[in-house]
Amino acid sequence: MTEICSLEDLLNIKLIPDAKKHRNSLSSELRKIYDKGFSADISELADCYNSLTDFVSPEFKALIISFYLLKIFELPKLPEDWHNPILFFIKTLGEGEFIKTDHILNRLITKSIYTATEKAVEFNQIMSEYMLMATILKDFDYDTTAEIGYLTTLVKGRILRLVKNYDDILTCLNYLKQALDYGMLFDTTKTLIASMILEWAKDNKNTEKCRNVFKEMRNLGFDKGIMKEIREQCLIELDENPKLQDNQVIQQVKPAKKSDKHTVKNPIYMSPPGQPVNVFVYECSKQGINGKIAVKECKSLDKNLLNSYYKEAEYLEKLSGRTENFLKFYGKSINEIIENGSKYYVLKMKMEYVEDSLFTDKQKRISNKIPYSETEVFNIFCQLINSFTYLSASNINHRDIKPQNILITKDKIIKIIDFNVACEYIDQTYLSNVAGTKDFMSPEMRKGLEKNPSQKVFVKQDKSDVFSLGMTLLYLLSTENLCDLNLESRKQSLIAIVNKVQFDWARVILNKMLEFDINNRYSLKKILAFIPNIKDGVTISN
């Protein structure tokens, strides 16, 4: 077995069997290659390969081919149509067992990644390099999964950067179609792109242009799954933007039908006793639905106290199936019951069942000493930003974001729950009731809570939700106590904890999300623009 090395080593052929016989012809051929400098190309390699067939032993032939390949890799760029011939010659070398091909493959891979990261590289060239890496992985049993992941990240970034204006968005859709045809993008990325398209449509004033974009989505085959749902939602937004009215009352809910009956299995949540509204959540089964469902039961003596929960049911129904990050909703009902001589009003909501929240998931990981990996955190982060961008595009503020209100499936898909304090808004800055969970609410909400909980506070866009999202992300990444970090007096403690976070990109975005000054705090739209600048977990400049 001969290692690939320098020209001088290749010319030192004393160790090769039958060296004397072909020394002159081998030296002559190698000198020709060496003298060509950077002019070597794949057609000349083919000519050389054929011309040496009859008079050079297999060992010498393998040496010449390998050296010629290495000279080809010194060229500034490898044309796309050279990929298959190069792979043919590498495979030929491997079959001869005279030359180790790992070094040659490594040089080809390095050259490919370098080409893909050049500043002016075309999108099709990146796709070509991706296919090259996929072929090497499949046909040579050489691990290129890291390179495939890196090129996928490049493609995602290129697509996400195009969702800015009407001219680029059509190119974005065509690029997205190519990437999906190659099987490059996961559902999370598709959903993120779909949400950015929805955000674009909300900002665009030209309805005809929007319709052209959605027509192109259909022409490209985005007529099922999440892309279809987003397209339909955008068309609805263009025609009308129905709002849930604050004075909507629960009398509009019809009593449950017999077919709505469900079998109760286990209670999984119970509110503290003595509350004006008693809330129970049960794990159940329902005829006609595979798997488990969750039934949320809200019971009160005062029917009006159920209005916020009824509105939550309306939100869940509106969001059901819009993206994978919202629960499937199976219906609602209102009933009157007599209990201990008193009349109670009971509102029931039936929805998809998910066992764990981010809170319980982390507690299990702490018990088992399994921290979140960077890939897992980034996946959760992207899903969170995607789902809350969708809410923001629908003019909905959640107002109670925390790990307990974000479910996570066994497939690592997150689901947003508990919309009973959510509100809809029209103006970018508005007055809001103090709402949320103390340690996860924004500084402006916490200040209002400490000063006068009944007084309204000014809220700007979705920035209060952004702070709560930042605290939720920090909860996943930190082992520190997060209590009261939204108080002005604890601001430096919060900064210190953020700066201890392991991942560079997470520290950067957390400092933007957890900014106390609401004017400097990032909006969801700015965070979306930040995501494409993350490659392999490292923040890069534009």
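Please keep in mind that the model is predicted.

I begin with the helices. Helix 17, residues 463-477, packs against helix 18, residues 491-498, at an angle of about 50°, and their axes are 11 Å apart. Helix 17 and helix 18 are therefore oblique to each other. Their crossing is left-handed. On the side of helix 17, the contact is made by Phe467, Met471 and Leu474; helix 18 contributes Leu494, Ile497 and Val498. By class, the residues of this contact comprise six nonpolar, no polar and no charged.

I turn now to the aromatic rings. A pair of aromatic rings is described by the distance of the centres and the angle of the planes. For this model the count comes to eight aromatic pairs, and I shall discuss two of them.

In the pair of Phe280 and Tyr282, the ring centres are 6.2 Å apart and the planes stand at 15°, so the pair is stacked. Phe280 counts as buried, at 15% relative accessibility. Tyr282 counts as buried as well, at 19%, because the cut-off for buried is under 20%.

The second pair is Phe378 with Trp505. Here the centres lie 5.3 Å apart and the planes are at 80°, so this pair is edge-to-face. How accessible is Trp505, buried or exposed? Trp505 is buried, with a relative accessible area of 0%, whereas Phe378 is partly exposed at 24%. Finally, ring pairs join Phe378, Phe381 and Trp505 into a cluster.

Technical notes
Residues are numbered from 1 along each chain as its sequence is written. This is a predicted model: local features need pLDDT of at least 70, side-chain atom pairs count only at pLDDT 80 or more; totals for chains, interfaces and linings use all residues. Side-chain values use heavy atoms; hydrogens and water are left out. Axes are lines fitted to C-alpha atoms, for helices over the stretch in contact, and angles run from 0 to 180 degrees between N-to-C directions. Helices (H or I, at least four residues) and strands (E, at least two) are DSSP runs, numbered from the N terminus. Angles under 35 degrees count as roughly parallel, over 145 as roughly antiparallel, 65 to 115 as roughly perpendicular and the rest as oblique. A crossing is left-handed if the near helix is turned anticlockwise from the far one by less than a right angle, and right-handed if clockwise. Contact means heavy atoms within 4.5 Å. Ala, Val, Leu, Ile, Met, Phe, Trp, Tyr, Cys and Pro count as nonpolar, Asp, Glu, Lys and Arg as charged, and the others, Gly among them, as polar. Rings of Phe, Tyr and Trp (its six-membered ring) pair if their centres lie within 6.5 Å; planes under 30 degrees apart count as stacked, over 60 as edge-to-face and the rest as tilted. Buried means under 20% relative accessible area, exposed over 50%, partly exposed in between (1.4 Å probe, protein chains only).
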